[in-house]
Amino acid sequence: MLEIRNLKVIFETDRGAVRAVNGLDLSLEKGKILGLVGESGSGKSMTLLSILRLVPYPGKIVEGEILFEGEDLLKKSPSEMREIRGKDIAMIFQDPMTTLNPVFPVGEQIRESLRVHNIIKPEREGILGFLREKDRRKKEYEKVVELMEKVGISYPEKRYFSYPHQFSGGMQQRAIIAIALSCNPKLLLADEPTTALDVTIQAQILDLLRKINEVNGTSIIFVTHDLAVAAEFCDEIAVMYAGQIVEKGPVDKVIGEPKHPYTKGLLKSIPKITRKKEKLYAIPGNVPDLASLSPKGCPFYERCEEAVEECKEVELSLIEVSDGEFVRCIKYL
Amino acid sequence: MHKVPLKDGVLDMENGTFIQIKNLKKYFIEEPDLLTRVVPKKKKRVVKAVDDINLEINKGETMGLVGESGCGKTTLGLTIVRLYEPTDGKIIFEGEDIAEARGEKLKEYRKRAQIIFQNPYSSLNPRKTVRDILTVPLIAVGVKNPHVREERIEYLLERVGLNHRHMDSYPHQFSGGQRQRIGIARALAMNPQFIVADEPVSALDVSIQAQIINLLEELKEELNLTYLFISHDLSVVYHVSDRVAVMYLGKIMELGKTEDIFFNPVHPYTKALLSAIPSVDKRKRRKRIILEGTVPSPVNPPKGCRFHTRCFMKKGKICEEVEPQLKEIENGHFVACHLYS
Ligand SMILES: Nc1ncnc2c1ncn2[C@@H]1O[C@H](COP(=O)(O)OP(=O)(O)OP(=O)(O)O)[C@@H](O)[C@H]1O
Ligand SMILES: Nc1ncnc2c1ncn2[C@@H]1O[C@H](COP(=O)(O)OP(=O)(O)OP(=O)(O)O)[C@@H](O)[C@H]1O
Ligand code: SF4
Ligand SMILES: [Mg+2]
Ligand SMILES: [Mg+2]
């Protein structure tokens, strides 16, 4: 359904070129949930934004293909893209306030997105257009109430006219999901939709997204820095480091038998609730600065405990190590 | 430097209670803004952020504090170190009530009780170098000789895993993890005995969190520190704490040894909270209890048990009418719930 090939996104800055996404390959089957996991700055958001062609200035997609249902999104015209955005592919942005406008009632904002995509068609133009408009609005209102109910906003008729600040964080996130779902998209891009929320609210939202996936068959790319959330929620996991996928595969493989030293390190460094407490393993060093990262070799080299001299120079790509499981590391070349 | 041994939940009395918090309250009065002031019926709103909390922290232990956003964790921490004025109650530190301490006495206390803040990006002054940042507390504890101070700064930086070459750098030149290390060095400069660590790793990347947690644990052993460790990340709290307090809407709902809280939780809220923790290990996953609704406002907390609006085990009318008190149900395991009274 979606296939990304060798995607590269570059930011030209005065400190040099920042390779935010650096030769990324990713694919997603219909109806599946893919978790995109990685630390801050590893390029998760830029990958999602690339799919919608919304990479902010001065960032640029310089190479690659993004095939959605067989067609390359990077070759579409701006008007074709506008058509696709929201209708076929919807996104939940990392910051709720980029989606919700503080000065309009929440319900009206959901209605607006129905209107933009022409979900409720006007019946007939003409002299009676005025009356038709009223009728259309009423239908849209009903649809909004239905959507709000579906995403778990109780008393939707009352909440329709509430403003975003009158909603709690979890409620705002539900409203955003309602907007994303308003056109029944085939693919939902969710950028850290639960990071700002409490665990009990996170559980509610994940539950909701899971239902949407099951009932509507919506495919989801779920971005998170929390490996445990991805492990529970996703069918497949792709681990990102410095703009590249370093490991991907079915969740049981990536979490159960991690191959890449970075994935292994991440899994070991998460505190676990087990009877026996041990000192935590810590991955040495710091998250790399993409502007000063050497273009050659493995970007994890300096922090890797399994590294050998050759890692500094090696030309790497994702290698299939078992059915559907890929790793980018010299040990699997 | 040893940990206080826990024998069947009874704490070593020789080390004994270090800080005792009694009926502590911190209310915020929200004055109506100009616009709403003209509406005659609008009154001042009282936010009961910390509402009658009792807690004892023993010397050398790490007390974990968990709870959802807005339940009053930070407020409690800031009040205990007296960066906030308590509305009511006592804070007994080594036998002396410092809840209303002023002047010299307060200054003295603030040296011994330090806080590490949640956000390493905003808690350091961007216009000061690391040297400036660390000089202030050193002068406060009376290190007047500049050479000694210099040595001390070098020692502190090294202790938190930074290079002394970093001394003249500004905060923005550091990564998040490094900034948190500077924050820790600043707290240590005072030679404190007690540290409130308010979400010290929440803003950090997963691979960096473990570094900071390990550092805090090493420092505790080495300097015989006592921690109040605040976090909404239950796995982190499990890992570092000897005992854990679970907070909801300004109150403690359950308190006990870490193992009791995590493996034998009794309060419905604790149960729900624990069931919601995502885990990488399939076998460790608990049956998820999805709590309905959201946390009510601390301005008008529900009558009776504060949790009754979301409780899935509600006993009956009593939960809506009578506020349950924190009671000991077994050795050192306390719970505030009508199911256990
Ligand atoms: N406007 C910009 N100018 C220069 N570099 C940028 C800009 N915006 C993003 N970048 C770089 O692009 C890289 C990828 O950013 P991205 O937002 O995709 O990361 P992320 O994985 O989503 O991180 P987070 O978890 O913090 O959201 C970052 O390392 C960042 O430095
Ligand atoms: N200075 C203040 N004035 C008014 N209300 C405040 C103030 N500080 C905190 N509050 C309120 O007190 C309550 C408790 O806040 P607090 O910051 O202690 O929560 P917390 O448990 O630390 O939450 P978080 O996990 O989000 O950090 C909240 O409802 C908050 O809005
Ligand atoms: S390629 Fe080398 S440096 Fe990179 S992860 Fe593998 S072993 Fe480590
Ligand atoms: Mg992002
Ligand atoms: Mg807080």
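I started at ligand 1, where a backbone N or O atom of Gly43(A) sits 3.0 Å from one of the ligand's oxygen atoms. That makes a polar contact (a pair of N or O atoms within 3.5 Å; within protein, one must be able to donate a hydrogen and the other to accept it, and residues adjacent in sequence count only if both atoms are side-chain atoms).

Before going on, I noted that this is a predicted model, where local features need pLDDT of at least 70, side-chain atom pairs count only at pLDDT 80 or more, and totals for chains, interfaces and linings use all residues. Residues are numbered from 1 along each chain as its sequence is written, chains are lettered from A and ligands numbered from 1 in the order in which they are written, and side-chain values use heavy atoms, with hydrogens and water left out.

**Ligand 1, continued**

I then looked at side chains. Ser45(A) has a polar side-chain atom 2.7 Å from an oxygen atom of ligand 1, and for Gln94(A) a side-chain N or O atom is 3.0 Å from a ligand oxygen. The protein buries 70% of the 640 Å² that ligand 1 exposes when taken alone (Shrake-Rupley method, 1.4 Å probe).

How many residues surround ligand 1? I got 16, with Ser40(A), Gly41(A), Lys44(A), Ser45(A) and Met46(A) the closest; a residue is near if one of its heavy atoms lies within 4 Å. Helix 1 (44-51), strand 1 (2-13) and strand 2 (16-28) of chain A each supply at least two of the shell residues, and helix 1 of chain A gives the most, with 3. Helices (H or I, at least four residues) and strands (E, at least two) are DSSP runs, numbered from the N terminus.

**Chain B against chain A**

Next I checked the interface. Chain A and chain B put in 40 residues each, contact meaning heavy atoms within 4.5 Å. Together they bury about 3,500 Å², 59% of it on carbon and sulfur atoms; buried area is the accessible area (1.4 Å probe) that two parts lose on being put together, summed over both. On the chain B side, Val206(B), His239(B) and Val280(B) lose the most area to chain A, together 18% of what that side buries.

I counted 2 salt bridges between the chains (a side-chain nitrogen of Lys or Arg within 4 Å of a carboxyl oxygen of Asp or Glu). One salt bridge pairs Glu232(A) with Arg288(B), their closest N and O atoms 3.0 Å apart.

Which helix of chain B gives the most to the side that touches chain A? Helix 7 of chain B does, with 8 residues.
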